[in-house]
Amino acid sequence: MVDLAPESDRVVVGVTGATGVVYAVRALDVLRELGYESHLIVTKSAALTRAYETDLSKDDLESHADVVYHHTDVGAPLSSGSFRTKGMLIAPTSMRTLGEIATGVTSSLVSRAADVTLKERRPLVLMVRETPLNLIHLRNMVTVTEAGATVFPPVPAFYSRPSTIEEIVDQSVGRALDQLGIHTDIYPRWDATLRESVRNGNLDAAGSEED
């Protein structure tokens, strides 16, 4: 049995069937590096996406987390507001999961845990992945935002001149964790130093130094 961390050190990570499992893997690794206890839920569709997008097995993915729950285990501790956490990140968030959260009709532990996060007024960060967006998607985003969630599409930023997929992923993951009040240094933050480096073509501060 895993010794549970203090509530301020627990972070729930949901993974759903949209493209972008890499965001969850990276977030789990960063949380571990920072000393946070991660509680992972992977939906059935997310398991399929994992197989399509990565070489990770089910056990490989789960090894990045501290505590793992089956997506149908709606009686898990995460289904109760009395189990306190720092918040929840769903990376990526499918439109189905977004719709369940928006309507309050929870069919899995992921959407139930998200519902609990909202009702307990804790941060809920949704890395929604879909394009283009139809009106239903947009209305659901408005609804969850009004309920207290943060809609956070993993949109790449190019001002730091990223040169690898890893750098692009780190920027989105780092910004998403910011929304949970978790500070990281895994991506270059826009400041006067970075601004001057980009202006002058010296990108060492951005991680892509030119010869």
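Predicted model: local features only at pLDDT ≥ 70, side-chain atom pairs only at ≥ 80, totals over all residues.
Biologist: What makes the strands an open sheet, and in which order do they stand?

Modeller: Strands are DSSP runs of E with at least two residues, helices are runs of H or I with at least four, and both are numbered from the N terminus. Two strands pair if DSSP finds at least two bridges between them. Here 6 strands form an open sheet with parallel pairing, in the order β3-β2-β1-β4-β5-β6. β3 (67-70) and β6 stand at the edges with a single partner strand each, so one side of each has no neighbour in the sheet.

Biologist: How do you know that β4 and β5 pair?

Modeller: The parallel strands β4 and β5 are joined by 4 bridges, and the definition asks for at least two. Thr 93 stands opposite Val 128 in β5.

Biologist: Why is the contact of Asp 170 with Arg 26 called a salt bridge?

Modeller: A salt bridge needs a side-chain nitrogen of Lys or Arg within 4 Å of a carboxyl oxygen of Asp or Glu. The closest N and O atoms of Asp 170 and Arg 26 are 2.5 Å apart, and the pair forms a salt bridge. Asp 170 lies in helix α7 and Arg 26 in helix α1 (residues 21-33), so the pair ties together parts 144 residues apart in sequence. The structure holds 9 salt bridges.

Biologist: Why is Asp 170 called buried, and what is Arg 26 called?

Modeller: Buried means under 20% relative accessible area, exposed means over 50%, and partly exposed lies in between (1.4 Å probe, protein chains only). Asp 170 has 12%, so it is buried. Arg 26 has 22%, so it counts as partly exposed.

Biologist: Why is the pair of Tyr 159 and Trp 190 called edge-to-face?

Modeller: A search of the whole structure finds 1 aromatic pair. Tyr 159 and Trp 190 form this pair, with 5.1 Å centre to centre and 70 degrees between the planes. Rings of Phe, Tyr and Trp (its six-membered ring) pair if their centres lie within 6.5 Å; planes under 30 degrees apart count as stacked, over 60 as edge-to-face and the rest as tilted.

Biologist: What makes Arg 10 lie over the face of Phe 83?

Modeller: A charge sits over a ring if NZ of Lys or CZ of Arg is within 6 Å of the ring centre and within 35 degrees of the ring normal. Arg 10 lies over the face of Phe 83 at 4.2 Å from the ring centre.

Notes. Residues numbered from 1 in each chain as written. Heavy atoms only, no water.
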